[in-house]
Amino acid sequence: MPQKKPIPELKHLDHVLVSETAIKSRVTALAEQINKAYRGKDLTVIAIVNGAIIFTADLLRQMRSPLRLDCIRASSYHSGTAATGKPVIIDNLKLDIAGHDVLLVDDILDTGNTLSAVRELLVAKGAKSVRTCVLLDKKARRVVPFEAEYVGFEIPNEFVVGYGLDFNEHYRNIPCIGVLKRKYYAGGI
Ligand code: 5GP
Ligand code: MG
């Protein structure tokens, strides 16, 4: 019997919080829920990049309506694993969303600052409705009241990487959600 080789990326993780398999089946369930909710509607999906890139790509391939896709860039001032202050939103949306049903997609709902600011912006641009879909929700960290309509997994208050989430722009490519080993923080990647 050939021995199973370990996945090289996983050596960076202290432990896996959400496996690749668990993500796959949860994304399928979320897509089904969203397909039902927006059946027959002209949906516009707005992904918050870079974090939501991988989640959005997987989710959209399971969505059945001829939807439109655009991206918006938002970043908190980060120093290592701590976000400080208000998010900076770079609005370079190409699509006109006035009068349209919008689904906002992000990787993680943490303090709620980013999603509430982006949602406010989309409402100000005249969106008919704005719902939110996040892969992860750290409820314990909320600073502003915000709930997402579609949530993949509620997770504890730990800094996670993978499946689009980064540590100093690294590790977005890891196929699962994991907690980074301390020694990879210490070096300041
Ligand atoms: P907010 O605090 O505004 O809800 O979340 C802002 C952003 O912080 C998220 O979109 C995400 O990019 C980042 N963030 C929050 N928690 C984590 C985490 O545990 N890991 C990583 N990599 N990013 C996080
Ligand atoms: Mg983000």
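This is a predicted model: local features need pLDDT of at least 70, side-chain atom pairs count only at pLDDT 80 or more; totals for chains, interfaces and linings use all residues.
Residues are numbered from 1 along each chain as its sequence is written, chains are lettered from A and ligands numbered from 1 in the order in which they are written, and side-chain values use heavy atoms, with hydrogens and water left out.

Let me begin with the ligand. There are 16 residues around ligand 1, and Thr111, Thr114, Lys138, Val160 and Asp166 come nearest, where a residue is near if one of its heavy atoms lies within 4 Å of the molecule. By class, this shell divides into four nonpolar, six polar and six charged residues, with Ala, Val, Leu, Ile, Met, Phe, Trp, Tyr, Cys and Pro counted as nonpolar, Asp, Glu, Lys and Arg as charged, and the others, Gly among them, as polar. Strand E3 (68–79), strand E5 (101–109) and helix H3 (113–124) each supply at least two residues of the shell, and the largest share, three residues, comes from E5; helices here are DSSP runs of type H or I with at least four residues, and strands are E runs with at least two, numbered from the N terminus.

Turning to polar contacts, meaning pairs of N or O atoms within 3.5 Å, an N or O atom in the side chain of Lys138 is 2.8 Å from an oxygen atom of ligand 1, and a polar backbone atom of Asp166 is 2.6 Å from a nitrogen atom of ligand 1.

Next come the aromatic pairs, in which ring centres of Phe, Tyr or Trp (its six-membered ring) lie within 6.5 Å, with planes under 30 degrees apart counted as stacked, over 60 as edge-to-face and the rest as tilted. The count comes to two. The ring centres of Phe159 and Phe167 are 6.2 Å apart with their planes at 80°, so this pair is edge-to-face. Tyr171 and Tyr184 are also edge-to-face, at 6.4 Å between centres and 70° between planes. Because Tyr171 lies in the loop between strand E8 (160–161) and strand E9 (177–180), and Tyr184 in helix H4 (residues 182–186), the pair ties together parts that are 13 residues apart in sequence.

Finally, an open sheet of three strands has the order E1-E9-E8, with antiparallel pairing, where two strands pair if DSSP finds at least two bridges between them. Four bridges join E1 to E9, and Val16 stands opposite Gly178 in E9.

Definitions and conventions. A polar contact is a pair of N or O atoms within 3.5 Å; within protein, one must be able to donate a hydrogen and the other to accept it, and residues adjacent in sequence count only if both atoms are side-chain atoms.
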